[in-house]
Amino acid sequence: MSQTLPLRLHHHAWITDDQEVNRRFYEDVIGLPLVATWTEREVLFGAERVYSHTFYGLADGGALAFFQFANPEDQEEFKTDVHFTPWRHIAFKVEHDTQEAMRKRIAAAGYSEADAYVIDHGFCVSLYITDPNGLMLEFTVDHPDVEKIEAERRTTAHADLARWLGGDHTSNNHWR
């Protein structure tokens with residue numbers, strides 16, 4: 001069976017309370033360029049909404065996007081108070097040099113180890129940081145044998161899930 005997959009992430013959207021604080025974080029600290037700012041006025045969900053919609057570019061053409069509404073009532077209506085957990089995050093593949101440059105900018109911006117930390121997962125090494133809006137970001141450098149690792153996981157993915165659902169919770173991460 002042939003299945004067509006999405007080509008790439010076009011964008012991931014989030015709400016921000018302050019587009020300039022957000023811009024400083026994404027452009028100056030993380031290093032993602034501001035590639036577009038749309039300022040809109042349109043009727044959405046039963047009311048006229050006035051908002052800005054910014055996009056921070058990724059190398060593949062995708063983006064992180066952020067909305068801020070001019071009307072504080074709209075801002076409050078669409079803002080989400082999601083319970084923070086490090087398990088809810090968005091992850092990006094980066095090269096080692098890119099991750100190191102991010103770490104340096106993060107440290108220079110005054111973030112502590114508690115705010116931005118690295119975890120070696122064995123199959124990848126990840127830098128985690130939470131943005132000013134409460135969105136956790138992960139910047140991942142793959143293991144040098146990533147193709148071999150991905151091929152193995154792809155071959156056993158269904159069996160691994162069935163084993164885990166059946167109660168066998170032993171780790172299959174042999175790269176840690």
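Reply: A residue is buried under 20% relative accessible area, exposed over 50%, and partly exposed in between (1.4 Å probe, protein chains only). By that scale Asp97 is exposed, because its relative accessibility is 63%. This is a predicted model, where local features need pLDDT of at least 70, side-chain atom pairs count only at pLDDT 80 or more, and totals for chains, interfaces and linings use all residues. Residues are numbered from 1 along each chain as its sequence is written, and side-chain values use heavy atoms, leaving out hydrogens and water.

The whole comes before the part. The protein has four helices and eight strands. Here helices (H or I, at least four residues) and strands (E, at least two) are DSSP runs, numbered from the N terminus. From that end the elements run β-α-β-β-β-α-β-α-β-β-β-α. The C-alpha trace spans about 50 × 45 × 30 Å along its principal axes. Of the 176 residues, 30% are buried.

H4 covers residues 146–165. The helix is not straight: a kink of about 60 degrees is centred on Thr156. That bend is the angle between axes fitted to the seven residues ending there and the seven starting there.

One side of the story is burial. Val146, Ile149 and Asp160 are buried in H4. An α-helix has 3.6 residues a turn, so residues three or four places apart point the same way. The buried residues of H4 pack against strand E8, residues 136–142. Contact here means heavy atoms within 4.5 Å.

The other side is the surface. Trp164 belongs to H4. Trp164 counts as partly exposed because its relative accessibility is 46%. Together with Leu161 and Leu165, Trp164 makes a nonpolar surface patch of about 350 Å². Just after H4, Gly167 has a positive phi of about 110 degrees.

What does the UniProt record say? Its unreviewed entry lists residues 8–142 as "domain: VOC". Such annotations may be inferred rather than shown by experiment. In the model, this span is 24% helix and 42% strand, and its end C-alpha atoms lie 18 Å apart.

Back to Asp97, which is found in helix H3, residues 96–108. Asp97 and Gly134 are 37 residues apart in sequence and 26 Å apart in space, C-alpha to C-alpha. Across the protein, contacts between residues at least 6 apart in sequence join residues at least 24 apart in 53% of cases.

Conventions:
Patch = residues over 30% accessible without salt bridge, like charges linked within 9 Å, V, L, I, M, F, W, Y side chains within 5 Å. Areas by Shrake-Rupley, 256 points an atom, 1.4 Å probe, with all protein chains shown as cover. Salt bridge = Lys/Arg side-chain N within 4 Å of Asp/Glu carboxyl O.
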